[in-house]
Amino acid sequence: MQTDTDAVAQAAQLRPSFNLWDDPWIGVALPDGAVQQVGILECLIEAHRLGPLQDQSPLVVASIHRLLAAILQDIYKPQRVDDIATLLAQRCFDKARVEAYADTYRARFDLFSEDAPFMQSADLPLLADKKDSPKSVAYLFFEEPSGINITHFQHRYENEHSICPACASGGLLVQSAFATAGGRSYKPSINGAPPLYVLPVGDNLFETLSLSLMALGHQPKVRSSGKDTPVWADATTTTVSHAEVLHVSYLESLTFLSRRIRLHPVMKSGICTRCGKVVDVLVSQVHFSMGHYRPAGSPLWRDPFVAYRQYGDEEPTPLRMQGGKALWREYTTLFLSTSYNRNHTPQSNPKRKTQVFFSPAIVNQVADLEMEENVSSEQLLRFRCIGVRTGVRATDQAKVFEWLDASLSIPFGLLQDPYSAGQVRLGIARAERCESLIVALFGRHFGGVTDSNRESQKNREHFKNLRLRMGAAYWLQLSSPFQKLIHIAPDSDDLPQAIEDWNDTLIKAARTCFRSAADGVGSRGSDLRKRVQAMQDCDKELFRIRKEWTDGNREESA
């Protein structure tokens, strides 16, 4: 006769299990360059021997980074920057402390737990129910077609997706950092429309994650003053639908439950449509609905991994990805913020709408760490920037166009020398001015106006494309010279000549790109006259600007 205990044991055997602490799901680079999947426990214990996090989606990489940072933040609880410096000096994470933490919370990291599934709502059934209107698992990923996004990225319908537990784990985490607004039902995650996340980079994964821990002084000012606990330490295992969250702790923010989710696994052998692996458990359907959000009017949540800019008296806004704009053009906002000077409080000017930049708190903290180590001014601080571009208008934020995964570095000395930083900021501003000039000149001389309306429209489209290509080519030419400029900037002896070289580069690039675009206008007599006049005006204006810069440098030297 079967007892109740036997029945429970038999049911447990039929239920799939995937625990994020032990089962492999995190992609990491090995010393030989190969990529391997590991569980959280192995990832942290062996972090000093591992390279960067790896995944086909950079959004998953950033989301896993934030999860691991939250776990380590809860283990080590750094109060001051000195505590993080002490951890870095140990060169590896304490195996005993990591294992003890895993033993405490391992049960809360099971994807398919009946009563406490990882980052899911336990009140929802494990098995799909038609009454619950389950959705395709593709809703967990921006790059997978779902709803009306059938052909945006791949030619596959949403009901054709079946993914493995490892891939599903990454999709769960993406909702915390990158969830967007959509229709009347969905609100974005804690940072609003997905911002550009700036993640520190070390020589190995241990250094990368250690540099990502935040001392109290660098955490968001509006964080909850209560106990700082991650979501898996909360006794509540239910994600309340459309729940306004007024107070958020720092650890909670790193894994914010912006969506109410429940994975519906099926125990059958098959191929994961995302990674291509053959597995015994697949997830095709999920419950996916609105979860937690911060109500309108709440104080701005200043994520320490995000840069902000402010116009006049308006509320600061996170730096977000912009289509067609090279990342290095945001160097001022990312690294050269006036807010880094502790003795200077940025003041806004409501009449002039003065821009004020706020570098990510993580950049300032990494600089503080390097200051304690007395590193040289040439020491490069490295960062990985990950973001996704969505629609600009609130009604279009559910539209996803592209993602970004790029690396930037900054010499430590550039953060410590206000004059050098100011010269780099000025250099970027001058580059913007040259672009504005050639774009305006191109529009003035090649407006596309002809006697035929049909021909006029055709010309306008042609000229618009030429103008866009001109701008893209201009910024592409400046990328390498800018890298040279920032590496020389901390050297006060070489900086004046570097600035002169940069100014010459701007004028040359602007002239070359303008001429190339003008040559594409056409070869008719009227077009030839326009091209000659346009080049004369371009040379005249660029000469005037270059003379203005030279005179300004002379006055400054005097």
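Phe288 counts as buried, at 7% relative accessibility, where buried means under 20% relative accessible area, exposed over 50% and partly exposed in between (1.4 Å probe, protein chains only). Tyr139, with 24%, is partly exposed. This is a predicted model, so to speak of local features takes pLDDT of at least 70 and side-chain atom pairs count only at pLDDT 80 or more, while totals for chains, interfaces and linings use all residues. Residues are numbered from 1 along each chain as its sequence is written, and side-chain values use heavy atoms, leaving out hydrogens and water.

Now for the rings. Rings of Phe, Tyr and Trp (its six-membered ring) pair if their centres lie within 6.5 Å; planes under 30 degrees apart are stacked, over 60 edge-to-face, and the rest tilted. That rule gives 20 aromatic pairs. Tyr139 and Phe288 make a tilted pair, because their planes stand at 50 degrees, with centres 5.5 Å apart. Elsewhere, ring pairs link Trp328, Tyr331, Phe335, Phe383, Tyr474, Trp475, Phe482 and Trp502 into a cluster.

Some rings also have a charge over them, meaning that NZ of Lys or CZ of Arg is within 6 Å of the ring centre and within 35 degrees of the ring normal:

| Charge | Ring | Distance to ring centre |
|---|---|---|
| Arg302 | Phe358 | 4.7 Å |
| Arg329 | Trp475 | 3.8 Å |

Then there's an open sheet of three strands, in the order 5-13-14, with antiparallel pairing. Strands here are DSSP runs (E, at least two residues), numbered from the N terminus, and two of them pair if DSSP finds at least two bridges between them. Strand 13 (residues 380–390) and strand 14 are joined by 11 bridges; Gly387, for one, has Leu404 in strand 14 as its bridge partner.

Notes
Helices (H or I, at least four residues) and strands (E, at least two) are DSSP runs, numbered from the N terminus.
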